[in-house]
Every structure is written in structure tokens, then in C-alpha cells.
Amino acid sequence: MSLQGREILLGVTGGVSAYKSAELLRRLQDLGLAITVIPTINSLNFVGKATWEALSGRKTHSELWENFDSVDHISLAKHSQAIVIAPTTANFIAKLANGIADDLLSTVVLASKAPKILIPAMHPEMWANQITNENINKLKSAGFHIIDPEFGKMTGDDMGIGRYPDINGIIEKVAK
């Protein structure tokens, strides 16, 4: 399937599975998508800007105030045809569900009319938490698409539902 030339934003939030989004970026490029990466400041603790710029071939945007005169949060929102956020942490889910826009990625999401696809990945207890579930349901009601996490080995010895989903499954859903 070719989605040649379509513009999407890949948001990356601060979870250890952020490294898996580098492979997701490459696989989305294989579909012909042009991708701009917006990592949160916390995600840069896991995968740095240089990696995102090398893989995407584009400038990586992470600071709300880095290009004040170009109003990045509005221009990025207007020019994207979809926003994929992988991984989406419990923290970022809570921010979106409550309309909190305090960084570049959250302001872009709130300013965009494009479809939004969230790929939650977090510890099983966080995924099962009632507040997280309420926030997910709120986002679904607002039109967000959620690709549920999978069961598997987590950080340390823990197992459960919360693992970053299989990239092939993500690709299929994003392509639709």
C-alpha cells in the first residue's frame, strides 16, 4: 500500500519503549509517508533528537518556544494529515483527556483537526488503573483512535498488558 506524500506527525512520549518508534518511523516511511517527529522533552532521555532527524530526514521539533516566530504548534497541526503518538504514556493520555497543552506535542494535538492515533505503552498496573481507563474512554469519545497495548514482558521481571503493540499491527491500522 502506498500513501506517497502524505504528511504525518509522529509524537513520541517519555516511555522506555520509545526506541521501538524508530522502527515504526521506518516502516511508515516504507508506505511513502513523509514524517515529522515531535518528541517530548522526557522522551529525549530514551532516544535523542539526532536519531529522529537521521531517520526522518527532517528537523525534529521538541520545544514549544524554539521557533516562536513560525508558530510551530499551529503550522505543524495544519500541515499534517494524521498524528500518531507512540508510545503514549499514561501521563500524556491524562494531559490530552483533560485538555492540558503545556508542551509542543500536546499543543499540536489540540490545534489539529487531523485523525489522532494513540499507541499506549506503560506498566500493566498503570494501564489497568481506573483513571487511565476513564481517560482512554474520554479520548475515544472525542474521536481519538486507540491501539491497545499487548500482553508481554515489561521492564524488569514484570509481565502483563501494557507492552508496545506489534509494529505490523500498528502499520495496518495507521494505513487505514
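**Notes on a predicted model**

1. T132 touches A90, M122, M126 and W127, leaving aside residues up to four places away in sequence. This is a predicted model. T132 is found in helix α7, which covers residues 130–141. Is T132 buried or exposed? T132 is buried: its relative accessible area is 8%, and buried means under 20%.

2. Next, the cis peptide. The bond from A86 to P87 is cis, with omega near -10°. P87 is found in strand β3, residues 82–88.

3. Now strand β1, residues 7–12. The strand is mostly covered, with five of its six residues buried. β1 runs parallel to strand β2, residues 34–39, and six bridges join the two.

4. Helix α1 spans residues 20–30. Which of its residues are buried? They are K20, S21, A22, L24, L25 and L28. A lysine, K20, is on that list, as are the leucines L24, L25 and L28. Just after α1 comes G32, which takes a positive phi of about 95°.

5. α1 packs against helix α8, residues 167–175. Two packed helices are described by the angle between their axes and the distance between the axes. Here the angle is about 45° and the axes are 10 Å apart. Angles under 35 degrees would count as roughly parallel, and 65 to 115 as roughly perpendicular. α1 and α8 are therefore oblique to each other. The crossing of α1 past α8 is right-handed.

6. Which residues make this contact? From α1 come K20, E23, L24, R27 and L28. From α8 come I167, N168, I170, I171 and V174. The residues of the contact divide into six nonpolar, one polar and three charged. K20, L24 and L28 also belong to the buried residues of α1. A helix has a repeat that helps in reading such a list: an α-helix has 3.6 residues a turn, so residues three or four places apart point the same way.

7. Last, a hairpin. Strands β6 (residues 150–153) and β7 (residues 159–163) pair in the antiparallel sense over four bridges. K153 in this pairing stands opposite M159 in β7. Five residues lie between the two strands of the hairpin. What is the phi of G156 in the turn, positive or negative? G156 has a positive phi, of about 75°.

Notes. Residues are numbered from 1 along each chain as its sequence is written. This is a predicted model: local features need pLDDT of at least 70, side-chain atom pairs count only at pLDDT 80 or more; totals for chains, interfaces and linings use all residues. Side-chain values use heavy atoms; hydrogens and water are left out. Buried means under 20% relative accessible area, exposed over 50%, partly exposed in between (1.4 Å probe, protein chains only). Two strands pair if DSSP finds at least two bridges between them. Axes are lines fitted to C-alpha atoms, for helices over the stretch in contact, and angles run from 0 to 180 degrees between N-to-C directions. Angles under 35 degrees count as roughly parallel, over 145 as roughly antiparallel, 65 to 115 as roughly perpendicular and the rest as oblique. A crossing is left-handed if the near helix is turned anticlockwise from the far one by less than a right angle, and right-handed if clockwise. Contact means heavy atoms within 4.5 Å. Ala, Val, Leu, Ile, Met, Phe, Trp, Tyr, Cys and Pro count as nonpolar, Asp, Glu, Lys and Arg as charged, and the others, Gly among them, as polar.
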